[in-house]
Amino acid sequence: MRLVILMTQTQVHKQFVLRPLMLVSLALFMLAAGNARAELLIRITEGVDSAIPIAVVPFAESGTMPQGDKISSIIRSDLTMSGEFNPLAPGKMLSLPSSRSDVYFRDWRMLGQRYLLVGELTRKGERLEARYELFDINREARILGETTTAPVSSARSLAHHISDKIYEAITGEPGAFSTKLAYVTVMGQGDNMRYRLQVSDVDGKRAKVRLESDEPILSPAWSPDGKKLAYVSFETSKPVIFVHELATGERQKLADFRGLNSAPAWSPDGKSLLMTLSRDGNAEVYKMELASGDLTRLTDHWAIDTSGAWDHAGRGVFFTSDRSGGPQIYHMERPGSEARRITFGSRYNARPRPGPKGDYVYYVHQRNNDFVIARTNLNTGEESLVTRTGSDESPSLSPNGRLLIYATERDGTSVLTVVSADGGETYSLPAAEGEVRDPAWGPIVR
Amino acid sequence: MTGNERETISTGKAPWKSPVAVSVLLHLLIAIVALAGWSWSEPMQEPEPNSISARLVSPEPEPSPVINEQEQARDREQQKAEAERQQAEAERKQQEEQAREEAERRAQEEARKREEERKRQEAQARERAEQKAREEAARKKAEAEAKERERQRLLEEERRRQEEAKRKAEEERRKAEEEKRRQEEAERQRREEEARKEAERKRLEAERRLREEQLQALADEARQEQEAEQRRQREAAAARAREAQMLSESQKYQSLIRERLTQAWYPPSSATEDMTARLQIALLPTGELASVKLVNSSGNTAFDNSALGAVRALNRYPVPENRDTFERYFRQFTIEFNPQRLR
């Protein structure tokens with residue numbers, strides 16, 4: 001009885017204690033609920049489709065500067081080529097600051113700019129020193145600052161380096177402006193043809209001829225370390241695969257089998273090459289170990305199998321096969337395993353180039369009577385066009401997968417064009433002499 | 001100390017004890033002398049022991065025993081004279097018979113005896129006179145003492161009377177005071193009673209008023225409650241309407257803000273659809289950005305920065321003019337950047 005009373009009292013007590021507690025928690029809950037209700041959430045699922053406005057102010061200079069393009073101009077050109085930036089013309093700038101103390105963010109805001117690059121160049125003997133700062137104008141924050149030097153003769157390298165840094169700081173991905181392009185130019189007509197294998201900066205500048213031949217040169221392919229090129233040369237009147245050491249100019253005849261030797265592609269580790277050989281009668285994809293020259297046949301089909309390329313993970317292989325009647329893109333999970341067809345959108349899909357992130361595969365695609373570059377989303381199977389110019393061929397992706405270079409025909413001649421891999425901005429490289437074919441984007445060399 | 005007390009007690013007893021003792025002793029002495037005197041002549045006669053013993057125990061000696069003794073003495077004298085006469089008669093008759101024989105001798109003898117008797121009676125008389133004198137002295141002393149006692153008694157009586165008078169006066173005074181007090185008390189009680197009655201009346205009045213007021217209050221309350229309920233309902237309806245209006249207004253401005261931010265946001269090329277950056281925004285009523293805080297990073301600095309840049313790119317946020325709507329939705333809110341349609 002007593003216990004019961006005590007318990008009742010305890011309960012009463014509890015109630016009295018609990019009630020305020022409950023009220024408090026209820027109040028808190030309501031407050032939270034009120035806050036939650038008041039806490040509006042706005043989701044932004046899309047951004048601007050256009051390029052980011054950036055002001056690259058001409059660098060202040062002290063000392064004798066080398067001839068040629070200004071650093072800031074090269075940077076603007078790089079950023080423009082990326083398709084992701086829209087540099088402000090220097091003529092529109094209200095001031096030309098070279099350090100933070102001269103920067104009036106309001107002015108740059110007024111000009112609608114998002115980023116601002118200022119810097120100065122100092123000649124120090126045979127070297128150039130660049131000190132530069134990148135600002136986020138809206139946040140009024142410096143997001144990049146560096147002092148770097150390069151030989152006077154490598155002023156362009158300095159500019160490309162700064163472009164890379166800017167690109168990475170703003171986009172979060174490594175820039176590819178210091179990488180190289182390999183391509184083949186063709187001059188002359190009829191029997192008087194000159195084929196030149198050239199290597200240039202990504203903007204087409206500083207091009208150097210690495211190989212010159214009266215016979216066709218095709219399909220240059222960069223080794224992963226950027227030191228070698230593999231290509232097909234007809235210099236012996238038949239297609240032979242060579243590996244060319246760029247630093248020394250040393251060449252090695254790698255595949256010179258009976259019949260066709262074509263479409264070389266490096267493995268990610270640089271130890272082997274995929275190639276198309278018809279030594280066994282029909283064109284098939286093989287893997288050759290560089291060190292031993294051992295061959296492994298990866299495809300075995302009566303149809304033509306060609307253009308092998310390692311996927312981004314370096315495990316599976318994409319290739320082109322006309323086993324369905326016309327050329328289509330296939331993928332093998334493992335070398336030699338059963339091939340899965342990737343493309344269905346048209347009768348002609350060839351020369352697969354896997355994106356570096358594994359999300360897309362790019363290829364030459366025939367639509368109506370035009371050849372364009374298209375890509376297929378490997379997760380969804382959805383196909384979309386990347387280029388629309390027609391007569392487009394030889395796609396090659398930048399190392400970060402953001403840009404795609406390809407050859408196309410303009411004014412009756414073949415030129416190289418860079419396009420956003422997602423099909424946005426295009427940027428035509430300055431026309432070289434004659435036709436330009438088979439571009440190959442080199443790797444980022446650290 | 002103790003010795004002093006004892007002393008005080010013994011001296012206190014002496015004044016009343018000693019006169020009594022003296023008196024008793026004196027009487028005893030007188031009685032003994034008288035008895036001794038009588039025993040000479042009348043040895044056969046004995047005093048009545050009763051009266052003597054009674055007088056002995058009596059605390060206060062009285063003069064009456066003296067008077068009685070005188071009477072007794074007289075009686076005894078008469079008796080003695082009678083006896084002597086009878087004896088003399090007998091002796092005369094005898095002597096008359098014998099006288100003729102021894103007339104001479106007897107005459108002589110008679111003379112001698114008469115002489116002796118006269119001497120003895122003289123001594124007796126003297127003794128009686130002395131006795132009388134002593135008795136007289138004793139009586140006088142007793143009278144004086146009686147007088148003194150009387151005086152004392154009178155004094156005492158006077159004192160008692162005075163005391164009594166004083167007491168009575170005191171009593172009177174006390175009674176008067178008592179009376180006065182009683183009257184005052186009665187007056188006070190009367191007044192108190194009146195006050196109490198007045199208070200009671202007032203209390204009842206107050207209670208009555210309070211009751212009336214309470215009733216009135218209850219009525220008022222009920223009326224007010226009803227009015228309040230109606231007002232609440234009206235207000236709730238108005239609030240709902242306002243809420244709805246605010247919501248629709250807020251939605252309008254939400255979409256305006258969304259549109260402006262969409263135009264201001266440059267998702268970096270590294271952005272993927274699974275990236276989400278959350279920013280907490282605080283605005284001023286003018287639409288100016290008061291503060292922005294990254295509360296949830298996408299894990300990609302460039303992405304976070306692009307979101308921060310977008311939020312800061314807007315010079316003025318489109319916000320409702322209605323202050324309530326502003327406070328409710330736009331004083332502080334969250335913006336989530338999560339690209340869904342990457343190219």
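The model is predicted: local features need pLDDT of at least 70 and side-chain atom pairs count only at pLDDT 80 or more, while totals for chains, interfaces and linings use all residues. Residues are numbered from 1 along each chain as its sequence is written, and chains are lettered from A and ligands numbered from 1 in the order in which they are written.

Between the chains, 26 residues of chain A are in contact with 36 residues of chain B, contact being defined by C-beta atoms, placed from the backbone, within 7 Å. On the side of chain A that touches chain B, two or more residues come from each of strand S1 (40-44) and helix H4 (155-171) of chain A; helices (H or I, at least four residues) and strands (E, at least two) are DSSP runs, numbered from the N terminus. S1(A) supplies the largest share, five residues.

S1(A) also runs parallel to strand S3 (residues 332-337) of chain B, to which five bridges join it. In this arrangement, Arg43(A) stands opposite Glu336(B).

Within chain B, strand S1 (residues 277-283) pairs with S2(B) in the antiparallel sense over six bridges, where pairing requires that DSSP find at least two bridges between the strands. Gln280(B) stands opposite Lys293(B) of S2(B). Five residues lie between the strands of this hairpin, in which Gly287(B) takes a positive phi near 95°.

Key. Contact = placed C-beta atoms within 7 Å.
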